[in-house]
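Here is a short report on salt bridges. Look over the sequence and the model before reading on.

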Amino acid sequence: MAGLDYYDAPTHPLDVTTSRVRVGLDLDGSLESLGNSMTDLADALTQSGECDLVRFRTRSSRQSPNESRVAFRMLWAPLWRRSRGPSLDDLLAPLDVIHLAGLATPPTKKTPLIISVDDLRPLREESRIHQRIAQLRRAAEHGATLVASTVTASHEVQQVLGISRSQVVVVPPAVPTVSPTTQGRDLVVNITGNAEWFLSLAPELIQFAQSQGVQLVALTSTGVGQRIRQSGLNVTVRARSEARAALADARVVMHFSDGARFPSFAIAALAAGVPTMARSTAINRELLEGAAALVDSDDEVTSVLDDVWRSDPRRSIMIAAGRSRAIDYAPATAARAYAALYRDVVRG
């Protein structure tokens, strides 16, 4: 359970005489361009009927009548960024466990906290943010359970924060549901924190796209998009907010990432039936091996891309394997794992 394998339901049976777990879920934690993964998790938990859910937001206003209001939220937000300020117990209905995933980690008096750590960039050397490290370390010292999205990420969280394996569990986030891609033509590259790798390979990818008479599309942040435009490369830049539209037009997806975040777009591509390529990194081997084409060196990128693009037998195998793998990260799957975690945390 503790940071070595994916979290799974406990082997001992749940006491049927026990009332359902009351869970508070913060919807202000999603990092996804495809949609709010916390909302998808909340909807899946509600549909499962495994817990009584209270939805709330720590950083933004209510967006639905089924969300609870947090009194004086804007006033407390700066304190909550440092795991200080008023207890969340006093601002919400009575709960058995509270699940947070964003930058706000308010303290609680008695209610156990679960904190999903989906973005590792603030913990890394090149962009290390002391406040985030201190915040998570303080929460762990007060008994919070931290949730990493992969086994690889859990090791990094333990090392940086200096906490024990028993305080970090592994539950992949809910990957938003996408429609199947049926007529995709573009070569779509998803860039998350690895712009230099893309820029070094861009001339080869542009040449390949031109030989096929298609667009090379870069789905990336505003800053990286500006760099690409200024380079003069023949690349169509699309904002992350256009992720669904880009995926609907993709024949092949290439995932360029530094491994700091869960590769939701790559997994969504598998779910949509789009053959996907990525570097053979630890996190990609953990999540994508057997379903995506992983490359060990830059020298083989073009040859693998050509095969994935042209070979109908290989594409058929990859599409079937990708859709099967994506089920492991669907909202319903994440909901089952989190519901088991909630019950175990409440048991103590």
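## Terms and model

A residue counts as exposed when its relative accessible area is over 50%, as buried when that area is under 20%, and as partly exposed in between. The model is predicted.

Side chains of opposite charge can pair when their charged atoms come close. This structure holds 15 salt bridges.

## An exposed pair

Lys109 forms a salt bridge with Asp90. Their closest N and O atoms are 3.0 Å apart. The two residues sit 19 residues apart in the chain. Lys109 lies in the loop between strand S3 (97-100) and strand S4 (113-117), and Asp90 lies in the loop between H2 and S3.

Asp90 has a relative accessible area of 51%, so Asp90 is exposed. Lys109 is exposed too, at 59%.

## A buried pair and its network

Arg57 pairs with Asp28, with 3.2 Å between the closest N and O atoms. The link joins distant parts of the chain, 29 residues apart. Arg57 is in the loop between strand S2 (51-56) and helix H2 (73-80). Asp28 is in the loop between strand S1 (21-26) and helix H1 (37-48).

Both residues, Arg57 and Asp28, are buried. A network of salt bridges links Asp28, Arg57 and Glu67.

Arg238 forms a salt bridge with Asp249, the closest N and O atoms being 3.6 Å apart. Arg238 belongs to strand S9 (residues 236-239). Asp249 is in the loop between helix H7 (243-248) and strand S10 (250-257).

Arg238 has 16% relative accessibility, so Arg238 counts as buried. Asp249, at 34%, is partly exposed.

Note on methods:
Residues numbered from 1 in each chain as written. Predicted model: local features only at pLDDT ≥ 70, side-chain atom pairs only at ≥ 80, totals over all residues. Heavy atoms only, no water. Salt bridge = Lys/Arg side-chain N within 4 Å of Asp/Glu carboxyl O. Helix = DSSP H or I, 4+ residues; strand = E, 2+ residues; numbered from the N terminus. Buried < 20%, exposed > 50% of the residue type's maximum accessible area, 1.4 Å probe, protein only.
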